[in-house]
Amino acid sequence: MSTEQKPAPETGPRPRRLTYAAALAALEGLALVAGGIWILVLGLTGDPDDRQQAVTGGVTLVVLALLPLLAARGLLARRGWSRGPAVITQILALPMAYNLLQADSIAIPAGIALAVVAVTALVLLINAETTRALGIRGPGSVQGQK
């Protein structure tokens, strides 16, 4: 077993870009929770075509909300592992935004908002300042090199 420890992320104040990325991930997670609860309540109290499908969809959205919420918490705590789930959340949000934009309804503004949030969060997450703050080193980095 190796006794070497991973280097700690940079100390000092958290970069604003990292805070903004965490806020956007948390916002997406909260939106998923709200949507899941909405579908769940409508499925239980309304007259859906398929009550079981509505309940399953609502519960699924609430469970899926854990990914961006945990990522947001990790980003705020400067945990390097948190960038992966945050990036995955944004990549998954882009096709959802596209589908919303294809609708002929009130979903179009939601698609625009989701696309803007996802692209903005991706830019913030891959920024060099964010990478340094999370203690993530690029490929080929050696412990003694900077």
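Q: How do the residues of the lining of the largest pocket divide into nonpolar, polar and charged?
A: This is a predicted model. In it, the lining divides into 15 nonpolar residues, 2 polar and 1 charged.

Q: What is the volume of that largest pocket?
A: About 540 Å³ of space lies in it.

Q: Which lining residues are the closest to its centre?
A: Glu 28, Leu 32, Ala 93, Met 96 and Leu 114. They belong to a lining of 18 residues.

Q: Which helices each supply at least two residues of that lining?
A: H1 (16-45), H2 (51-64), H3 (66-76), H4 (83-101) and H5 (107-126).

Q: Stepping back, how many helices and strands are there in the chain?
A: The protein chain has 6 helices and 0 strands. Along the sequence the pattern reads α-α-α-α-α-α.

Q: And what share of the residues counts as buried?
A: Of the 146 residues in the chain, 27% are buried.

Q: Switching to the surface. Which residues form the nonpolar patch?
A: Val 59, Val 63, Leu 66, Leu 70 and Trp 81. Together they have about 490 Å² of accessible area.

Q: Which helices each supply at least two residues of the patch?
A: H2 and H3.

Q: Take Val 59. Where is its place, and why does it count as partly exposed?
A: Val 59 sits in helix H2. Its relative accessibility is 40%, so Val 59 counts as partly exposed. That class runs between the cut-offs of 20% for buried and 50% for exposed.

Q: Now the backbone. What is phi of Arg 78?
A: Near 60°. That is a positive value in a residue other than glycine.

Q: Where does Arg 78 lie?
A: Arg 78 is in the loop between H3 and H4.

Q: Is Arg 78 buried or exposed?
A: Buried. The relative accessible area of Arg 78 is 11%, and buried means under 20%.

Q: Salt bridges next. How many does the count come to?
A: The count is 1 salt bridge.

Q: Which residue forms a salt bridge with Arg 17?
A: Glu 129. The closest N and O atoms of the pair are 2.7 Å apart.

Q: Which parts does that pair tie together?
A: Arg 17 lies in helix H1 and Glu 129 in helix H6 (residues 128-133), so the pair links parts that are 112 residues apart in sequence.

Q: What is the relative accessibility of Arg 17, and what is the relative accessible area of Glu 129?
A: Arg 17 is at 35% and counts as partly exposed. Glu 129 has 28% and is partly exposed.

Technical notes: Residues are numbered from 1 along each chain as its sequence is written. This is a predicted model: local features need pLDDT of at least 70, side-chain atom pairs count only at pLDDT 80 or more; totals for chains, interfaces and linings use all residues. Side-chain values use heavy atoms; hydrogens and water are left out. On a 1 Å grid over the protein atoms alone, a cavity is a set of points where a 1.4 Å probe fits but cannot get out, and a pocket is an open set with protein on both sides within 12 Å along at least five of seven lines; lining residues have an atom within 4 Å of a point. Grid points are joined across faces, edges and corners, and a volume is the space filled by probe spheres set on the points. Helices (H or I, at least four residues) and strands (E, at least two) are DSSP runs, numbered from the N terminus. Ala, Val, Leu, Ile, Met, Phe, Trp, Tyr, Cys and Pro count as nonpolar, Asp, Glu, Lys and Arg as charged, and the others, Gly among them, as polar. Patches are made of residues with over 30% relative accessible area and no salt bridge: like charges are joined within 9 Å, nonpolar side chains (Val, Leu, Ile, Met, Phe, Trp, Tyr) within 5 Å. Accessible areas come from the Shrake-Rupley method with a 1.4 Å probe; for residues, only the protein chains shown count as cover. A salt bridge is a side-chain nitrogen of Lys or Arg within 4 Å of a carboxyl oxygen of Asp or Glu. Buried means under 20% relative accessible area, exposed over 50%, partly exposed in between (1.4 Å probe, protein chains only).
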